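Please keep the sequence and the three-dimensional view at hand while reading.

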Amino acid sequence: MPELPEVETIARGLAERVVGDVILSVWLGSKPEPFKSPAPELAAVLESRRIARVGRVGKHIVFDLEPDRRSAPRKAKKTKKTKKAKDRGGQAETFGGVCGAQWIVHLGMTGRLTIEAPDREVEKHTHAILTLASGRELRFVDPRRFGRLSVARGFLAPGKEPLEVELDAFVRLFRLRKTPIKSALLNQKLLSGVGNIYADESLFRSSIRPRRRASSLSSKELEQLWRAVREVLEEAIALGGSSVSDYVNADGAEGFFQLQHRVYGRRGEPCLVCQTPIRRVVIAGRSSHYCPHCQK
Ligand SMILES: [Zn+2]
């Protein structure tokens, strides 16, 4: 399942490719599951819209849409508008505060957005095809159909954005929680988009055991954790930047970056710091990996 850094990287890759383009028409498949908004509404909102921005909110890819105001010859206008979109800040901005229509894509387990030439064969499990004014197609492919497409206005993720949350707000989220800190990190109503891998890695870097009650963490530990979550996610995003074109355009997650995991998936292997074998426990149904020596 793509986690926050992957979604961020994919959103950036898409932004480079489709901002400024116009959705001319939309084809939607007959399987109902991928459509969280009714299919006719999806088509109505997407058609004849210009893609103004693409960004990430939690683990959702959000396309900000504007009415298509093409009146002058398209070439001249496109250059100007693309530049303008970049000037507006691109990825640093938080999405969701705008009032225009938005297309929201959650990739689920196996969802992919690919940009194709129209003559390229349509893959099995393609659920949506957007024909773009540039002559390309933006396709949504999802074999397992856990991905979701919807339209919204002013979309906001339920939790705080982990790359932007301030320390005091972060502390307030966790200070009174009686659940294990690992479960609290995965609670999307608190932080949006921190998944299993990055939760384990953040806890290792802040020397905190995943089973600890969130309310038992000291201020210093919460500060270490706040820093670690951001560091881990930012490192993964930095690693992802170079391989995004493969991900957006090619077959599945193969070739996509992997953060060098220090604990996740390393059960029984020596801790990279102290050589103690990494342990795996199950907390609230999710596997958790930690070093019993380095994490307290
Ligand atoms: Zn260790």
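Both Phe 63 and Trp 103 are buried, where buried means under 20% relative accessible area, exposed means over 50%, and partly exposed lies in between (1.4 Å probe, protein chains only). The model is predicted, so local features need pLDDT of at least 70 and side-chain atom pairs count only at pLDDT 80 or more, while totals for chains, interfaces and linings use all residues. Residues are numbered from 1 along each chain as its sequence is written, and side-chain values use heavy atoms, with hydrogens and water left out.

**The aromatic pairs**

- Rings of Phe, Tyr and Trp (its six-membered ring) pair if their centres lie within 6.5 Å; planes under 30 degrees apart count as stacked, over 60 as edge-to-face and the rest as tilted.
- Two aromatic pairs are counted by this rule.
- In the pair of Phe 63 and Trp 103, the ring centres are 4.5 Å apart and the planes stand at 35 degrees, so the pair is tilted.
- This pair links distant parts of the chain, since Phe 63 belongs to strand E3 (residues 60–67) and Trp 103 to strand E4 (residues 101–106), 40 residues apart.

**The chain as a whole**

- The chain contains eight helices and ten strands; helices (H or I, at least four residues) and strands (E, at least two) are DSSP runs, numbered from the N terminus.
- Of its 296 residues, 51% count as buried.
- Among contacts in the chain with a separation of 6 or more, 70% come from residues 24 or more positions apart; contact means heavy atoms within 4.5 Å.

**Helix H1 and Val 18**

- The expected span of a helix is 1.5 Å times one less than its number of residues.
- For the 15 residues of helix H1 (residues 4–18) this gives 21 Å, and the end C-alpha atoms are 21 Å apart, which agrees.
- Twelve of the 15 residues of H1 are buried, so the helix is largely enclosed by the rest of the structure.
- The buried residues of H1 include Leu 4, Ile 10, Leu 14 and Val 18.
- Val 18 has its place in helix H1 and is buried, with a relative accessible area of 0%.
- Apart from neighbours within four places in sequence, Val 18 is in contact with Ile 51, Val 54, Phe 63, Ile 115, Leu 132 and Arg 136.
- The C-alpha atoms of Val 18 and Ile 51 are separated by 6.9 Å, although the two residues are 33 residues apart along the chain.
- Just after H1, Gly 20 takes a positive phi of about 95 degrees.

- Most residues other than glycine have a negative phi.
- Arg 145 has a positive phi, near 60 degrees, and is found in the loop between strand E7 (137–141) and strand E8 (148–153).
- Arg 145 is partly exposed, with a relative accessible area of 23%.
- Ala 284 also has a positive phi, near 50 degrees, and is found in the loop between E9 and E10.
- Ala 284 is exposed, with a relative accessible area of 68%.

**Two further loop residues**

- Glu 161 lies in the loop between E8 and helix H4 (167–174) and is buried, with a relative accessible area of 14%.
- The side chain of Glu 161 makes a polar contact with the side chain of Arg 56 (2.8 Å).
- A polar contact is a pair of N or O atoms within 3.5 Å; within protein, one must be able to donate a hydrogen and the other to accept it, and residues adjacent in sequence count only if both atoms are side-chain atoms.
- Leaving aside neighbours within four places in sequence, Glu 161 is in contact with Leu 4, Arg 56 and Gly 58.
- Pro 143 sits in the loop between E7 and E8 and counts as partly exposed at 36% relative accessibility.

**The zinc site**

- The protein donors of the zinc ion are Cys 271 (SG), Cys 274 (SG), Cys 291 (SG) and Cys 294 (SG), lying 2.2 to 2.4 Å from it.
- Donors are N, O and S atoms within 2.8 Å of the metal (3.2 Å for Na, K and Ca); water is not among the atoms, so sites may look incomplete.
- The four donor atoms subtend angles of 99 to 113 degrees around the zinc ion, which makes the arrangement tetrahedral; four donors count as tetrahedral if all angles lie between 85 and 135 degrees.
- Along the chain, the donors follow the spacing C-x2-C-x16-C-x2-C.
- Cys 271 and Cys 291 are both buried.

Terms used: Tetrahedral: all angles 85-135°; square planar, octahedral: opposite > 155°, others 65-115°.
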